[in-house]
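Colleague: Hi, could you walk me through this model? I have a few quick questions.

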Amino acid sequence: MEWIQLENGVKMPRLGLGVWQSGVMTEQAVLWALEAGYRHIDTAAMYGNEEAVGRAVKKSGLPREEVFVTTKLWTDDVRRGRARDALMESLRRLDMDYVDLYLIHWPAEGYRKAWEDLTDLYHEGWCRAIGVANFEADYLDALSGVSDMKPLVDQFESHPSFANQPVLDACLARGIAPVAYSPLGKGKDLAGNDTVKRLAKKYGKTPAQITLRWQLQRGFTVIPKSADRGRIAENAQIFDFKLRKKDMEAMAALDEGRRLSADPHDFPF
Ligand SMILES: NC(=O)c1ccc[n+]([C@@H]2O[C@H](COP(=O)([O-])OP(=O)(O)OC[C@H]3O[C@@H](n4cnc5c(N)ncnc54)[C@H](OP(=O)(O)O)[C@@H]3O)[C@@H](O)[C@H]2O)c1
């Protein structure tokens with residue numbers, strides 16, 4: 001495992017398990033991941049599985065401080081100015097007294113006020129770090145001066161067919177740790193791509209491992225989702241090899257600018 005130190009000194013593991021749409025498998029998937037060495041779980045109020053994440057962390061027997069837990073403030077709660085109540089509800093569902101990272105899930109109207117509230121919650125100790133998701137450079141800039149904090153993390157879509165380099169550059173220039181969501185492109189076409197297949201053969205790795213490694217070397221933390229024990233373990237074997245420069249370039253050439261998720265400037269929820 002590798003860690004990245006956020007600007008406030010908190011260390012975030014560079015591999016996490018995403019649990020969006022893990023459904024009834026969530027508790028089991030988190031347990032498998034913790035067994036396989038993951039120490040970072042990415043959930044959200046909107047995923048409806050915070051209880052299962054909390055149960056799994058307890059059942060694992062690991063000390064709470066060894067697992068980095070992220071959850072997120074949903075858009076309805078941003079619009080209604082409910083950040084404080086929403087975080088307390090998340091903590092009740094997780095059965096935890098703090099989260100490691102609390103994110104504004106999307107830049108819904110009211111996100112500047114939400115940022116002020118997250119800053120207060122951070123200073124009160126309810127979250128060890130705060131950040132945003134789906135924020136592009138203009139949204140990041142709109143937060144400057146809102147409080148005495150800037151986002152420590154920005155989580156956004158990035159995978160081979162949507163590298164999202166401008167947002168990655170915006171984060172790196174601002175000292176914000178970038179986290180890639182849907183790093184496997186939701187698993188679609190992964191094994192079918194000739195470049196990825198060729199590199200998998202060359203390095204003796206799987207297409208998923210090549211894809212995740214490419215993201216790590218670009219500077220991302222990755223949070224692949226899987227509810228399958230074998231694939232959860234597979235996705236963790238990414239710290240024991242390094243892609244060469246020309247292979248990084250071959251991966252970058254797969255970018256088609258094709259999003260799989262909503263556009264942060266036009267989302268209907
Ligand atoms: N902030 C946001 O707005 C936002 C949006 C989307 C996602 N996220 C977060 O990011 C996480 C990951 O994104 P995602 O779930 O959209 O997509 P993803 O991680 O790119 O892909 C998940 C899909 O890939 C499959 N898969 C996993 N490992 C594989 C492997 N080794 N080989 C082949 N297929 C594999 C999974 O199937 P199996 O389960 O069957 O293995 C699943 O169908 C989410 O779970 C969530 O925590 C955040």
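Colleague: What percentage of the residues of the protein chain count as buried?

Modeller: Of its 269 residues, 46% do; buried means 20 or more other C-beta atoms, placed from the backbone, within 10 Å of the residue's own. This is a predicted model, where local features need pLDDT of at least 70, side-chain atom pairs count only at pLDDT 80 or more, and totals for chains, interfaces and linings use all residues. Residues are numbered from 1 along each chain as its sequence is written.

Colleague: Thanks! How many helices and strands does the protein chain have?

Modeller: There are 11 helices and 10 strands, taken as DSSP runs (H or I, at least four residues, for helices; E, at least two, for strands) and numbered from the N terminus.

Colleague: And what is the radius of gyration?

Modeller: The protein chain has 18 Å, which agrees with the value near 18 Å for a compact globule of 269 residues. That rule is 2.2 Å times the number of residues to the power 0.38, with the radius taken over C-alpha atoms.

Colleague: Let's switch to H9. Why is H9 called largely enclosed?

Modeller: Because nine of its 12 residues are buried. Among them are Ile210, Leu212 and Trp214.

Colleague: What covers the buried residues of H9?

Modeller: The cover includes strand S9 (177-181), helix H8 (194-203), strand S10 (221-222), helix H10 (229-236) and helix H11 (245-252). Just after H9, Gly219 takes a positive phi of about 115°.

Colleague: Now the ligand. Which residues come nearest?

Modeller: Gly18, Leu184, Gly187, Ala208 and Lys225, out of the 28 residues around the ligand; a residue counts as near if its C-beta atom, placed from the backbone, lies within 6 Å. Ala208 is also one of the buried residues of H9.

Colleague: Which element gives the largest share of that shell?

Modeller: H10, with three residues. By class, the shell has 11 nonpolar, 11 polar and six charged residues. Here Ala, Val, Leu, Ile, Met, Phe, Trp, Tyr, Cys and Pro are nonpolar, Asp, Glu, Lys and Arg charged, and the others, Gly among them, polar.

Colleague: Last topic: which residues in the largest nonpolar core touch the most other members?

Modeller: Val30, Tyr102 and Ile104, in a core of 69 residues. Such a core is a set of buried Ala, Val, Leu, Ile, Met, Phe, Trp, Tyr and Cys residues joined through C-beta atoms within 7 Å. Apart from it lies another core of five residues, including Ile210 and Met251.

Methods:
Contact = placed C-beta atoms within 7 Å.
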